[in-house]
Amino acid sequence: MNLDTLKAFASDGGRSILDLFEQDVDRAQVFSTSTGDMLFDYSKTQIDADIRAALIRLCDEAGLADRRDAMFAGAKINETEERSVLHTALRNLDGGPVDVDGLDVMPGVLDTLQRMRVFAEEVRGGAVSGAGGSFTDVVNIGIGGSDLGPVMATHALAPYHDGPRLHYVSNVDGAHIADVLRQLDPTRTLVIVASKTFTTIETMTNARTARAWMVDGGGEPARQFAAVSSALDKTQAFGIPEQRVFGFADWVGGRYSVWGPVGLPVMIAVGSTAFDAFLRGGQAMDVHFCAADWSENMPVMLALTGVWHRQVLGYASRAVLPYDQRLLRLPAYFQQLEMESNGKSVAMDGSALTIPSGPVVWGEPGTNGQHAFYQLIHQGTDVIPCEFMVAAEGHEPELTHHHRLLLANCLAQSEALMRGRSLDEARQRMADKGLTGEECERQARHRVFAGNRPSTTLMYPKLTPFVLGQIIALYEHRVFVEGVLLGINSFDQWGVELGKELATSLGPIVDGAEGTETKDGSTAALVAYAMLHRET
Ligand code: F6P
């Protein structure tokens, strides 16, 4: 990405956003995009028409349209793993052909989807049951992309949840599985082991523990386990019957996999009709991404806003702030989606990246965050672009006053970030309280808000399955666009390998079977401490 033109605008990163609104009464309309139902407003940033034009030129210089079309067409754009990138095929409900190596993958995708629907409805209706009767609970065992998507969607779609209770176990920390299983009946619990590779140490350790718990408690793993994986030989070796295995191909990345069999627990929770609506929302965003001009294209403008803040202005992090309690796991989901995809320092051709990679992504639902970390967002020394999101209405008609307060808070935060409070205003406030002289000045300085801090707001009608699908696909494509502009491969994750290898080599050392001679002094001392202070 050649940022020379944009760097010339970098000084504009400090100019007054409020002035921009004064200069252009239509600014809110001009610097926002709509999909017809969702609205993305980026007018509370310093982006103006010239900056937007320069940002859009980056898309053309990077060959974004060709790259996008190549992805949807099944080309092997994941070049370091020689794989296609086709999570979009999982929501291609109309089934138009998508070829990989000359073969249409859609019949297989739709067949698996139909098997999922049948299984999910059988679990929900009790036709498929455990040793002790119909399933009251489902435990999904998975981690990373095999956990975060379904967890996030299960919370998000709580108003539609009318199936068995869902539980998620991800951490290899025994506390996680112990706390979940303790409350469950081993004869009426369905366990889904979700792992693309079916080798992930955390997942396989938890799966074996769950199987032993079930056997001990009178359950029958052969009828109470299901698997979601692309390694069918390994699911078979684990003893999961073929009809209980839902496969997907290697062209679905873990963090992009919630649309397919990894979404099975969500489908069991909300039913296949609601899950189809989720898929249709994702597909609607795909259609928009492929058709809209760049300046009207929501994923593209969300990405370009990100590039402006991160690569041009150098802001190191961005906060994702859903004013929607049911999106409480969305920031964690976006952390994997964005940071595992675009946390790279090598370009596709192997050269070192000369511009910053993707930012740190973090956040919490509002209004809780307001009473925790917003202090730093408003008055800290770093500028943190904030991405607000909020529904026009909630799911609780009897509690509309709650939703209106929520909305008011969301809007207040982006206004406060932009408007700030000047020293003069703060002085006046202190004077009104009766302070004078040096004390008035000292107290006033603590109450200044620099303001002019950028934010964007995504508004949607209501958090339905369809809208959730739109939001997730929006952010997937945003990550894709940013990756194309950075010239990196957003679809591998080699950066997680080293830690996994070292954990494997540390296993026997922590067990006491091997010494620490090969380890550095710090690691050896930490192992020694752990061995000294344990009783078992
Ligand atoms: O370690 C990272 C990772 O490979 C993620 O990309 C993936 O989502 C997660 O581990 C889980 O992998 P699997 O689904 O193969 O168990």
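**Close-up views of a predicted model**

**View A. Helix 18 against helix 19.** In this predicted model, the axes of helix 18 (residues 423-432) and helix 19 (residues 437-446) come within 8 Å and cross at roughly 125°. Because an angle over 145 degrees would be needed for roughly antiparallel and one of 65 to 115 for roughly perpendicular, helix 18 and helix 19 are described as oblique to each other. The crossing in which helix 18 passes helix 19 is right-handed. On the side of helix 18 the contact involves Leu423, Ala426, Arg427, Met430 and Ala431, and these meet Cys440, Gln443, Ala444 and Arg445 in helix 19. Sorted by class, the contact of helix 18 with helix 19 has six nonpolar residues, one polar residue and two charged residues.

**View B. Helix 14 against helix 20.** Helix 14 (residues 298-312) packs with helix 20 (residues 465-486) at an angle of about 55°, and the two axes are 8 Å apart. This angle makes helix 14 and helix 20 oblique to each other, and helix 14 passes helix 20 in a crossing that is right-handed. Helix 14 contributes Met298, Pro299, Val300, Leu302, Ala303, Gly306 and Val307 to the contact, while helix 20 contributes Leu474, His477, Arg478, Val481, Glu482 and Leu485. The residues that form the contact of helix 14 with helix 20 comprise nine nonpolar, two polar and two charged.

**View C. Helix 7 against helix 15.** With their axes 9 Å apart, helix 7 (residues 148-156) and helix 15 pack at an angle of about 155°, and helix 7 and helix 15 are therefore roughly antiparallel to each other. The crossing of helix 7 and helix 15 is left-handed. Leu148, Gly149 and Met152 of helix 7 make the contact with Leu330, Ala332, Tyr333 and Gln336 of helix 15. By class, the contact of helix 7 with helix 15 holds five nonpolar and two polar residues, and no charged ones.

**View D. Positions annotated as active site.** An unreviewed UniProt entry lists Glu340, His371 and Lys500 under "active site". These positions are spread over 161 residues of sequence, and they are also spread in space, with up to 36.6 Å between C-alpha atoms. Of the listed positions, Glu340 has its place in helix 15 (residues 330-342), the helix that also packs with helix 7.

**View F. Backbone geometry in two loops.** Most residues other than glycine have a negative phi, and most peptide bonds are trans. The peptide bond from Gly366 to Thr367, however, is cis in the model, with omega near 10°, and Thr367 lies in the loop between strand 13 (360-362) and helix 16 (374-379). Asp101, although it is not a glycine, has a positive phi of about 50°, and Asp101 is found in the loop between strand 3 (99-100) and strand 4 (103-104).

Note on methods
Residues numbered from 1 in each chain as written. Predicted model: local features only at pLDDT ≥ 70, side-chain atom pairs only at ≥ 80, totals over all residues. Axes fitted to C-alpha atoms, helices over the stretch in contact; angles between N-to-C directions. Helix = DSSP H or I, 4+ residues; strand = E, 2+ residues; numbered from the N terminus. Parallel < 35°, antiparallel > 145°, perpendicular 65-115°, else oblique. Left-handed = near helix turned anticlockwise from the far one by under 90°. Contact = placed C-beta atoms within 7 Å. Nonpolar A, V, L, I, M, F, W, Y, C, P; charged D, E, K, R; others polar. UniProt positions renumbered as here; feature names shortened; annotations may be inferred.
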